[in-house]
Every structure is written in structure tokens, then in C-alpha cells.
Amino acid sequence: METKVAQVADLHADSRTIREAAQLLATGRLVVFPTETVYGIGANALDADAVAGIFAAKGRPQDNPLIAHVTALDDIFPLVADFPESARRLAEAFWPGPLTIILPKSDAVPLQTSGGLDTVAIRMPSHPVARAIIRQAGVPVAAPSANRSGGPSPTTAKHCIADLTGRVDMIVDGGECEVGLESTVLSLAGSVPRLLRPGAVTVSQLRKVLGEVEVDAAVTHQLEAGVAVRSPGLKYKHYAPKASMTLVHADKSRFHAFAEEKRGEAVWFLVFEEDLNAMKAMGANALAYGEEHSHSSQAKRLFSALRELDTAGAQTVYARAPSASGVGLAIYNRMLRAAGFHEIYL
Ligand code: TXA
Ligand code: MG
């Protein structure tokens, strides 16, 4: 299929692009659009055939459910069997924004969208382009990250063009995503709220609103074969560059000594901006994913950096681990998966 790429420089002036994207979604086609977290590949969440197109375009396993994106609370009620008080409080505190809430689904949501589950994931994005497109489409929009399944999520239109040209009807370019990591996923379907995927909305922020929040073991641990999974996405390999990556927990001087020991080996280092000069002085191949003391800069840079390692032809990568507090938990979670859970402590 032919993929149209359209820029959105200014929302008003580009209403034609928005209209065209919305029209495509309303008629069962696939549109890639920017959100504040990562780019998404969208289809009408209520149209099982359209949703099937997403799985085909991404090469995504059919049992991995999608998030339905809406722009207003009123658009959620038809999708869920129940909208508890806790969901209302979360909506008030974090929507629109990078939080996804899982609730029991209504019959209106096809099983293709929910991956066969009796729950549905809902998110209200804040990105103006996403909001304009979804509002005009007039339907809830199912949208996973717009990467080929297993690879790093896209944070620029260029990433989407590389992954999905010929596989979607349209790619709307709205510049670089502000957050850079996918939304926090929280399930309200059980007796205690449970974090399934960490993101820019942190565990402590959630606890301030809800009180008790459990963190699923799969956030920081590899699932053993045969163990029941709460979020199907957690069992698949994710965010992985082609290189084999090891996550290295070390302070600056230990990491630099470690890099020094590898001098002359054909390896790459994924480090912080502050490490680059020392890496250069050693003649080491190195790329940075943000500043050591800024989780937001790390979140924004990580997926681009993983793609750049591929482009550079890196085979073996040693990545300096972030601190795992606050938003750092989300960065650590993605890097752990990119490294196939391979980590060392120095
Ligand atoms: O930031 C985001 O959430 C982006 C943008 C485009 O909105 N979307 C995104 O979608 O990351 P995706 O499909 O790549 O990740 C959705 C995650 C998957 O791990 C999936 O398994 C989980 O949410 N999920 C979706 N519905 C679920 C459900 N009913 N129960 C448990 N987990 C669910
Ligand atoms: Mg994804």
C-alpha cells in the first residue's frame, strides 16, 4: 500500500492533514500519529477488521491487547463495564497525559482490540495533534507504538517511516515526542491497583492518588516460562536493538575503568552525556542517552539512541544503567528488556 507522509507544523494551518487523517481512521484505515509519549499506529478501536490491520502492519502477536485512545471522559463510558471512583480520581489527576488505565470492558470493544481479554486499556493523550485527529475521527482509536513488533518504540516520524512505510495509509509528522517512553499502564481490574508498565506518571504519584499500588514483578524481573502473565505485552521481547546489550550498574569511575579494560575490543558504550569526553579520550565507540541527573532527558533520548546503535552496526553494547527511582524505573524497565535482562553490577 502507498503511505502518505504529511507534516503538521501548526494545528490550525494544517487542518487539512488532520481532516485527512481523521477521515482515514473513520473509514477503517491505518494512520500513524504523534502522541506525547511515542508515535502510535491508529485504527478504529471498534472495528475488528481495522484493528486486524494494526497487528499485520506491526507483525504483532494477536494476543497482545491494544490501548483505546479517547479525548473525553464521555467517550470512555461506552467502552467499559464499570468506571470506578478510583478511575475518576486518576483521570482528574493525570488526564490528558501519559497514563493508561485497564478496566473491565463492555461488549462494544471487539476481542481483537482487547487481545481476547475481558478488560480494555484506555488512555487520553495530551498531544494536540493526537487529540485533534481522534476528536475529528469520532471513534476511539486503538494505537500501539508505531514500531515493528520487538523493536524500539518510535519517537520521531523518521523512525515510523523507517519501520512502517508501505504498511500504513498515512504517517502524520508532528515532530519529536516530548516524553519519549510509552505511557504508565495501571490495572484497576483486580482488587488492588497494579502497575503493569512504568512510565512518566510514577508509582509515588499514583500512590498519592490511590493509596495502595502494587508493582507487578514483571516490571523488573524476567518471567519464568509457564507463569501466568497479567499484561501479555510483558512476555514478549521488546525495545531490542540488533546488538547484544548488557546493562552495567556502576558509578562513573567504575564504568570508565570497565570501559578502559575493553580498550581495543569492537564494542560500543551507551552512556550519559557527561561520560562522552572520557569515552572519546579512550578512543571508545560511545553514544549518549541523556544527562546523568535528568531522567526526562534519558527518557526522551533512549529509543533514538537504541536505533542509532543499530545504524552504527554495533554488535556488542555495554549500557550504563540509570538510577531506577521515579521516572528512572521506566527507563530501567525498557533498558532491561532491550538487554534481554542481561545486567551486571560493578
Ligand atoms: O504511550 C503509549 O501507551 C503508546 C502511545 C501510542 O499511546 N502506546 C503503546 O501501546 O505503548 P503498546 O500496544 O505498544 O503497549 C500497550 C501495553 C502492552 O504491553 C499491552 O500488553 C498492555 O499495554 N495492555 C493493553 N491492554 C491490556 C489489557 N487489557 N490488560 C493488560 N495489559 C494490557
Ligand atoms: Mg509497543
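**Figure 1. Strands E9 and E10 are joined in an antiparallel arrangement.** In this predicted model, strand E9, residues 184–187, runs antiparallel to E10, and three bridges join the two. Within this pairing, Leu186 is placed opposite Leu195 of E10. Both strands belong to an open sheet of 11 strands with mixed pairing, whose order is E1-E8-E2-E3-E7-E4-E6-E5-E9-E10-E11. Strand E1 (4–7) and strand E11 (214–215) are the edge strands, each of which pairs on one side only.

**Figure 2. Polar side-chain atoms of Asn64, Arg123 and Arg197 approach oxygen atoms of ligand 1.** For Asn64, the distance between a polar side-chain atom and an oxygen atom of the ligand is 2.6 Å. For Arg123, the corresponding distance to an oxygen atom of ligand 1 is 3.0 Å. A polar side-chain atom of Arg197 also lies 3.0 Å from an oxygen atom of ligand 1. On its own, ligand 1 has 680 Å² of accessible area, of which the protein covers 96%.

**Figure 3. The model contains six aromatic pairs, one of which is formed by Phe77 and Phe83.** A pair of aromatic rings is described by the distance of the centres and the angle of the planes. The count of such pairs comes to six. In the pair of Phe77 and Phe83, the ring centres are 5.4 Å apart and the planes stand at 80 degrees; because planes over 60 degrees apart count as edge-to-face, this pair is edge-to-face. Are these two residues buried or exposed? Phe77 is partly exposed, with a relative accessible area of 32%, whereas Phe83 is buried, with a value of 11%. Elsewhere, Phe255, Phe258, Phe269 and Tyr318 form one aromatic cluster.

**Figure 4. Trp95 and Pro96 are joined by a cis peptide bond.** The omega angle of this bond is about -5 degrees. Pro96 is located in the loop between helix H3 (85–94) and strand E5 (99–104).

**Figure 5. Phe341 has a positive phi.** Most residues other than glycine have a negative phi, and most peptide bonds are trans. The phi of Phe341, a residue other than glycine, is near 65 degrees. Where does Phe341 lie? Its place is in the loop between helix H11 (328–338) and strand E16 (343–345). With a relative accessibility of 22%, Phe341 counts as partly exposed.

**Figure 6. Pro241 lies in a loop between two strands.** The loop runs between E11 and strand E12 (244–249). The relative accessible area of Pro241 is 6%; this residue is therefore buried, since the term applies under 20%. Pro241 and Tyr39 are separated by 202 residues in sequence, and their C-alpha atoms are 18 Å apart in space.

Definitions and conventions: Residues numbered from 1 in each chain as written. Chains lettered and ligands numbered in written order. Predicted model: local features only at pLDDT ≥ 70, side-chain atom pairs only at ≥ 80, totals over all residues. Heavy atoms only, no water. Phe/Tyr/Trp six-rings, centres within 6.5 Å; stacked < 30°, edge-to-face > 60°. Buried < 20%, exposed > 50% of the residue type's maximum accessible area, 1.4 Å probe, protein only. Polar contact = N/O pair within 3.5 Å; in protein donor to acceptor, adjacent residues only side chain to side chain. Areas by Shrake-Rupley, 256 points an atom, 1.4 Å probe, with all protein chains shown as cover. Pairing = 2+ DSSP bridges. Helix = DSSP H or I, 4+ residues; strand = E, 2+ residues; numbered from the N terminus.
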